[in-house]
Amino acid sequence: MSETIWIIPLIPLLSSVTLMLFGSRFKVSQIGALGVGSVGMAALLTLLLAAEFMQNQQVIQLSLWTWMEVAGFAPGISFYFDGLTLVMMSVITGVGFLIHLFSTEFMEKDPSYARYFAYLNMFVAAMLVLVMADNLLLLYLGWEGVGVCSYLLVGFWYQHNANGHAARKAFMVTRIGDTAMALGLLLLFTELGTLDIQTMVGEANQTWQVGDTVPLAACLLLVCGAVGKSAQLPLHTWLPDAMAGPTPVSALIHAATMVTAGVYLIARTHGLFLLAPTAMTVVAVIGITTSLMAAFTALMQTDIKRILAYSTISQIGYMFLALGVGAWSAGIFHLMTHAFFKALLFLGSGAIIHCLHHEHNIFKMGGLRTRMPVTFWSFMIGSAALAALPMTSGFFSKDQILLQAYQLSDIGPGLWMAGLLGALLTAIYSFRLVFVVFFGKANTEPDKDTGWRMAVPLSVLCFLAMVGGWFMIPVTEVFPVGDGSHPAHWVEYVSISVPIFGVLIAYLIFYSGRLKIDGLANSGLGKSLGQFWLSGWGIDWLYDRLFVRPYYGLANLLKGEPVDAIYGLIVALNQTFNHWLSVAQSGRMRWYLASMVAGLILVITLAANLSEGVL
Amino acid sequence: MDGLNIPLNHILLVSSLLFSIGMLGLMIRRNIIFILMSLEVMLNAAALAFVAAGAHWGQPDGQVVFMLILTVAAAEVAVGLGLVLQVQKRFKTLDMDRANRMQG
């Protein structure tokens, strides 16, 4: 198996190319079989690989061929496989397979069925390349590949102008981060002479001391790339808009896998970050700020997918916090559990949207508990895991992150408190969603319940979201191990009780109605604060004023080509003179003569005047 | 010959008047024949100036140049009238402006 891991990304890639070239000739069932089958095959092979890895713990380094060789720079098409790669591959192929299966029912009626699966398979292939890459350049290839697929899938229903706009926004905002990341790669190559991750980290440890400037700059540039891809402040604005794509796409790309690529990147290059403690602090602060900001925003949203989008941003903020405080394995653990429960929630919302005539507003739903039982239980479990209620998967991972954050000196307790506030808000908004959508009065009748191709992925993900916390991810070899000390017990108790308290608040407000917040929400301050949160802290507005409008203004200014106007003036002058001259050459003898006489008189007068002066 | 002692200035004045009349005719007339006639007037004005100058300084050169101008004028009229005939034949008019074929 170890020599053939390259097959795993190849299968979805081949399937994608086949669908792109011949998709229109296949029947719907054939397209579905090919699209789902290829990812299923990849998942199966990953499972075999995992079984083998569990036995021998063998790290695989496989070099296929040299990509290019320019002046000592020779990145290879080579793969690196260890525990971290295994976790990522399992999430991508496993969750990816379930979402593909779900899509066969969700997208059944769509005329571009083949195109959809072509893109989705292409995404899986690119994401696998990203996590399996041995050097940063190949990683960058996968990184850009998933960006392109994300663009194509957000704008999948391109007939609507707004979708195309959202796709372009997603592509461009992440491009800002990607450019910084490319600069980071260039800096690392100039300084260390290699982009092979393992060699590079080894070299870095020999070349630099902890706290040097160069690794700090390189790390910050990498963080910029990660921030763009993982939708963290200040480049998070694309993710809520990316919900314009089909819901399974939101589940796979914009919740479970692609957006966590930034987390993976930082975890993969953690050897560099250990040399730059400042960069780690920056990561932690970005993470916790984003987490809180997004949690407040999610409280006010009414579109079911936007709530989930902001909760994704918030949860990735937790992962960044984990990476920033050096809790690498906790961050990756949260990445995995988050992939389970967020995919579950997104697929659940997809099922609701599918069965409710494409309704997105949660206040137009209601009372779905008895009508869509499978979806209801999916949402209950998913929200419980999201809110980190005890014994669910989210609980174990988030608890680890918060406890390790608390142990950090100086800012640790502060980060912990902020994290707790975020956890409280998470519990409130996720159970607000559950209570509003599934309880209370029914506002829209579903016209059908989910079919088996939706129910099976939901059930499997329910199971994973419940028990995912008991998995032991095999990353102990990859990351440096902490000292294993635990904070005082009361810290743990507080961490456990806060989400429960949040659920209680949500229950009192949105279910029993015992806690009245209408008065508070309608007061002047409450209203403006709510509006502020609803708009995502006005960041879109700010960017619109700061970047978009000045750019449009500049474009408008340059549309008239002011520089060309100078050259245009020369042309116009020449043309005028030419016109005058050509008018003078009229062929009229008398006119020539008159001008000659006039000239003669002028010359004579001048000569006479001059000679007078001389005399 | 004493009685006929006209000052040079007077003759030059007549000469330049004649020249101006010729030039004016050249400028305002459109008929080719009149243009040729105006040219003749101008040539003769110049010739008069030469003769007068020759008489004033008692030199024969003035007379010589006059003979040259006379010949040139005769040749010019011969060619000019030939051209006039051609213009009349081709354009059915002697108006210079209407015979103009330039687009400028």
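Which residues have the most contacts inside the largest nonpolar core? In this predicted model, they are Ala343(A) and Leu344(A), and the core itself runs to 194 residues. A nonpolar core here means a set of buried Ala, Val, Leu, Ile, Met, Phe, Trp, Tyr and Cys residues joined through C-beta atoms within 7 Å.

A word on conventions: residues are numbered from 1 along each chain as its sequence is written, while chains are lettered from A and ligands numbered from 1 in the order in which they are written. Because the model is predicted, local features need pLDDT of at least 70 and side-chain atom pairs count only at pLDDT 80 or more, whereas totals for chains, interfaces and linings use all residues.

Chain A is built with 25 helices and two strands; these are DSSP runs numbered from the N terminus (helices H or I, at least four residues; strands E, at least two). Its C-alpha trace spans about 120 × 60 × 60 Å along the principal axes, and 48% of its 615 residues count as buried. Two residues are in contact if their C-beta atoms, placed from the backbone, lie within 7 Å. Take the contacts in chain A between residues at least 6 apart in sequence: 81% of them join residues at least 24 apart. Ala343(A), for one, touches Val95(A), Ile99(A), Ala251(A), Ala255(A), Ala256(A) and Leu461(A), leaving aside neighbours within four places in sequence.

Leu461(A) also turns up among the buried residues of α19(A), along with Met454(A), Pro457(A), Leu458(A), Cys462(A), Leu464(A) and Ala465(A). Those buried residues pack against α3 (83–106), α15 (328–355), α16 (373–386) and α17 (393–407) of chain A.

As for the two chains together, 11 residues of chain A are in contact with nine residues of chain B. On the chain A side, α24 (562–584) and α25 (589–614) each give two or more residues, and the largest share, five residues, comes from α25(A). That side divides into five nonpolar, four polar and two charged residues. Here Ala, Val, Leu, Ile, Met, Phe, Trp, Tyr, Cys and Pro count as nonpolar, Asp, Glu, Lys and Arg as charged, and the others, Gly among them, as polar. The model scores ipTM 0.74 and pTM 0.76.

Key. Buried ≥ 20, exposed ≤ 12 C-beta atoms within 10 Å, placed from the backbone.
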